[in-house]
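Hi,

Here is the structure I promised to pass on.

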Amino acid sequence: MTPATTGRVAECFFSIQGEGVTAGAPAVFVRLQGCSVGCQWCDTKYSWDPAGGREVSLEALVEEASAYPCRRVVITGGEPLESLLFLPLVEALKARGFTIEVETSGTLPPPRAPVDQWNVSVKLQGSGGAEARRINPAAIRAFLGLGAWWKFVVVDQRDVAEVLRLAERFAIPRDRILLMPEGVRREEILERSEWVIEECRRHGFRYSPRLHILFWGARRGV
Ligand code: SF4
């Protein structure tokens, strides 16, 4: 297949990584358009429609990302692995010297790509989708082989129990698992963080903040 030279993006901006093990690191964010997973609490529903966002050429997008004074990029979505622009974009940004993080739902197997850090956020039952749509065992095993980090969005204790079951089923190392409180308001994050941190201490997981929500709320492009 000929590599894509154009695609659709929801946004490209410079901020700090708000989540995961690199939280706090300055990063350029490229949010590719399109996601068919359908999580009910998704805070980027504007990125779902593969025909939404704006059309860009690969070259223009790489120039846009490279114009920021930062060589860490977070490629996100949407579900970035659903975009035909994903692989050419990773290769082009790597050639420009970027360290590359990818945020994915883990519903599609990873392509062979020069990605430095895979952040896989497997969706739990509470996200609203059928298990067959959320859990792709072959993809999960492939990400395990790549040393991925596993970031679970949790709403309540039932979610933590489900994380424990998934960790056992797929032999996900506990020290590669992060629990992140769900919420799009500062108060929600702070309230849930108290018990999420307790669960992390109890089970040997890491805690992930949502710094962008704490500081800017549910705004786009920050
Ligand atoms: S996979 Fe991500 S972008 Fe897609 S619906 Fe779920 S949270 Fe939203």
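Helices (H or I, at least four residues) and strands (E, at least two) are DSSP runs, numbered from the N terminus. Bear in mind that this is a predicted model, so to speak of local features we need pLDDT of at least 70, side-chain atom pairs count only at pLDDT 80 or more, and totals for chains, interfaces and linings use all residues. Residues are numbered from 1 along each chain as its sequence is written, and side-chain values use heavy atoms, with hydrogens and water left out.

Backbone first. A171 sits in the loop between α5 (157-170) and β8 (177-181). Its phi is positive, about 55°, even though A171 is not a glycine. A171 is also exposed, at 59% relative accessible area (exposed is over 50%, buried under 20%, partly exposed in between; 1.4 Å probe, protein chains only). G78 belongs to the loop between β4 (72-76) and α2 (86-95). For context, most residues other than glycine have a negative phi, and most peptide bonds are trans.

G78 turns up again around the ligand, along with C35, W41, K123 and others (near means a heavy atom within 4 Å). That shell splits into 6 nonpolar, 4 polar and 1 charged (Ala, Val, Leu, Ile, Met, Phe, Trp, Tyr, Cys and Pro are nonpolar; Asp, Glu, Lys and Arg charged; the others, Gly among them, polar).

The ligand takes up the space of the largest pocket (a pocket is an open set of points on a 1 Å grid over the protein atoms alone, where a 1.4 Å probe fits, with protein on both sides within 12 Å along at least five of seven lines; lining residues have an atom within 4 Å of a point; a molecule sits in one if more than half of its atoms lie within 2 Å of its grid points). That pocket holds about 790 Å³ (the space filled by probe spheres set on the points, which are joined across faces, edges and corners). Of its 43 lining residues, R31, D43, T44, T76 and R210 are closest to the centre. β1 gives the most to this lining, with 3 residues.

The second largest pocket has about 200 Å³, and its lining is 11 nonpolar, 2 polar and no charged.

Finally, how many disulfides are there? The search finds 0 (a pair of cysteine sulfurs within 2.5 Å would count). The sulfur of C200 is 20 Å from the closest cysteine sulfur, in C39, so too far for a bond.

Cheers
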